Amino acid sequence: MNSDTTFASLGLAAPLLQAITDAGYTHPTPIQAQAIPHVMTGGDLLAAAQTGTGKTAGFTLPILHRLLSQPAPKQQPGSPRVVILTPTRELAAQVEESVRLYGAHTRIRSLVLFGGVNINPQIRALQKPVDLVVATPGRVLDHCSQKTIDLSRTETLVLDEADRMLDMGFIRDIRRVLALMPKQRQNLLFSATFSSEIRTLAHQILKDPIEVSVAPRNTTAERITQNVVLTEQSHKRELISHIIRESGWHQVLVFCRTKHGANRLAEKLCKDGLNAAALHGNKSQSARTRALDGFKSGKVVVLVATDIAARGIDIDQLPYVINFELPQVPEDYVHRIGRTGRAGSD
Ligand code: AMP
């Protein structure tokens, strides 16, 4: 693909091109230029891509294009043609927001399903026809067992952030969901990392996929200044609180390994007069939304998160990231600090 590639030259339907223009995108990102034409024609895809590469539009746009160009014979309630599985509620909500954005000039109906919230409104929504569902694996299985969703008409399946889903122990849920879908379908798998487990899964579900790999935009993040602070374990909380207060930092994202650790640190920071919030999987959906909104608006000064919860934070340019504990794998470190130094900022 050369740099002259435009969304129009990829052959996307007019209502989608309009939404792309509305969003202010001028050119497809590398993953979009590679993935869109192939996915539009129904092919399977194995993509190595992280958040920030434009991967969401990379699969959403061609999927919407297919839905538009091949109308379903008869619409059934609760029987989606497209199922997108994501590891977290935040990511599910974010992806569905993208679907709504890119589908704004179409009549495609989408729905987001995740746990931690009352299932009844979701059941009611599934009583109407729906084209596309974005869901976390556990909740979609809940709906399957209550027979409120029917996956037997799935034409396209997307596994987004598949590595995270496996890390979170969703492999059995995923397999159970797949068993309820028709064997003949399109499959797209996105993952930032490729363990042997991911390769096995990809090998089992993808048919003649094209492989697309894009370097995360943050691999050579020269604009990020990295500092190491050596201290006793027992002084870490006190020191972080001191550094943030003394430096007058704002919008600080702190990574902790455990939910418990995140809670303890957030409590300590609050006690010291900083507006801090913890973000992790044990929090209720409303608490998470509140923490995220507060952090985005700048009201929450410090957000203490676990890696998994932080995946759903859609903030492109953070000024400060603190690794309270080092991550287990180097990719996570790159991903964590890559939330700073974007788009020319330091
Ligand atoms: P993603 O990697 O899907 O999380 O997308 C990262 C960000 O890039 C999102 O905020 C998108 O709105 C934005 N984005 C996606 N595609 C484009 C594009 N072609 N041009 C400019 N921004 C884009």
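Reply: Accessible areas here come from the Shrake-Rupley method with a 1.4 Å probe, and for residues only the protein chains shown count as cover. On that basis the accessible surface of the protein comes to about 16300 Å², of which 50% belongs to carbon and sulfur atoms. This is a predicted model, in which local features need pLDDT of at least 70 and side-chain atom pairs count only at pLDDT 80 or more, while totals for chains, interfaces and linings use all residues. Residues are numbered from 1 along each chain as its sequence is written, and side-chain values use heavy atoms, with hydrogens and water left out.

Polar contacts are pairs of N or O atoms within 3.5 Å. A polar side-chain atom of Thr 56 lies 2.6 Å from an oxygen atom of the ligand, whereas Gly 52 places a backbone N or O atom 2.7 Å from a ligand oxygen, and Thr 53 has a backbone N or O atom 3.0 Å from a ligand oxygen. Of the 500 Å² of accessible area that the ligand has on its own, the protein covers 76%.

As for the whole protein, 52% of its 346 residues are buried, meaning under 20% relative accessible area (1.4 Å probe, protein chains only). Its C-alpha atoms fill a box of roughly 65 × 50 × 40 Å, taken along the principal axes.

Terms used: Polar contact = N/O pair within 3.5 Å; in protein donor to acceptor, adjacent residues only side chain to side chain. Buried < 20%, exposed > 50% of the residue type's maximum accessible area, 1.4 Å probe, protein only.
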